Amino acid sequence: PTANPVTFSRLLQNSFVLSFGVGIIALLVAVLAAYAFSRYKFKLRQTLMLLVFVPLLMPGIGLATPLYLLMNSFRIAECKDGLIAIAPFASCVEGLGKVSFNMRDSLYGVGIAMVSTALPFAIWNLKGYLDTIPKELEEAAAIDGADPNQIFFRIVLPLALPQLAVTFFLGFIGHWQEFALPWLFLTKPENYTLSMTLYNMTGQY
């Protein structure tokens with residue numbers, strides 16, 4: 001017996017949905033950013049690439065506090081007059097009101113925080129691979145009449161499929177084991193992950 005009344009299947013579902021969602025969303029955003037950095041020359045390109053790299057130099061837990069404050073600032077409250085206030089855009093006149101949803105205390109908030117920590121590695125990992133794909137293939141496709149979207153989806157993505165799979169797998173495994181952010185953000189047992197519950201099962205012996 002544990003202090004957590006939630007079933008094992010629910011804990012497994014929470015961990016899987018969180019890890020899978022973070023892996024997929026980070027992959028979709030990262031492949032677009034990596035392709036832009038790899039193929040296009042635009043102003044401040046090098047500066048933006050360095051800014052993406054900087055979070056990799058910081059310990060992951062160092063980003064927890066600003067992410068906590070950011071996610072905690074977004075909440076939905078029911079006011080006494082029956083109106084709905086969405087912070088930080090609006091607030092109840094009489095105070096905070098009855099909070100019906102707090103982004104920080106939800107799997108959505110934890111997922112967004114995890115995506116922000118997963119993106120820098122995913123972008124750099126994919127950019128390095130996209131740089132190895134010959135540009136001549138894209139130029140040949142353009143000569144044959146393919147537009148930029150067709151080149152990206154029909155030429156680049158199929159060639160980058162192995163690295164896409166590796167990037168997703170690393171993101172999934174890395175966040176399957178994530179403990180610090182869920183432990184800091186979540187307070188409701190129904191949102192707990194497997195790692196949080198395993199920690200709660202440990203006793204003094």
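**Exercise 1. Find which residues touch the most other members of the largest nonpolar core, and which elements build it.**

Solution. Start with the terms: a nonpolar core is a set of buried Ala, Val, Leu, Ile, Met, Phe, Trp, Tyr and Cys residues joined through side-chain atoms within 4.5 Å, and buried means under 20% relative accessible area with a 1.4 Å probe, protein chains only. This is a predicted model, where local features need pLDDT of at least 70, side-chain atom pairs count only at pLDDT 80 or more, and totals for chains, interfaces and linings use all residues. Side-chain values use heavy atoms, without hydrogens and water, and residues are numbered from 1 along each chain as its sequence is written.

Next, the largest core has 43 residues, of which Leu126, Leu130, Val156, Leu164 and Phe185 touch the most other members. Elements giving two or more residues to this core include helix H1 (8-39), helix H4 (107-130) and helix H8 (180-185); helices are DSSP runs of H or I with at least four residues, strands are E runs of at least two, both numbered from the N terminus.

**Exercise 2. List the contacts of phenylalanine 185.**

Solution. Take contact as heavy atoms within 4.5 Å. Leaving aside neighbours within four places in sequence, phenylalanine 185 is in contact with residues including Leu67, Tyr68, Met71, Arg104 and Asp105.

**Exercise 3. Work out the strand order of the open sheet.**

Solution. Two strands pair if DSSP finds at least two bridges between them. The 3 strands follow the order S2-S1-S3, with antiparallel pairing. Strands S2 (84-87) and S3 (98-102) are the edges, each pairing on one side only. Finally, 4 bridges join S1 (residues 75-78) to S3, and alanine 77 has valine 99 as its bridge partner in S3.

Definitions and conventions
Buried means under 20% relative accessible area, exposed over 50%, partly exposed in between (1.4 Å probe, protein chains only).
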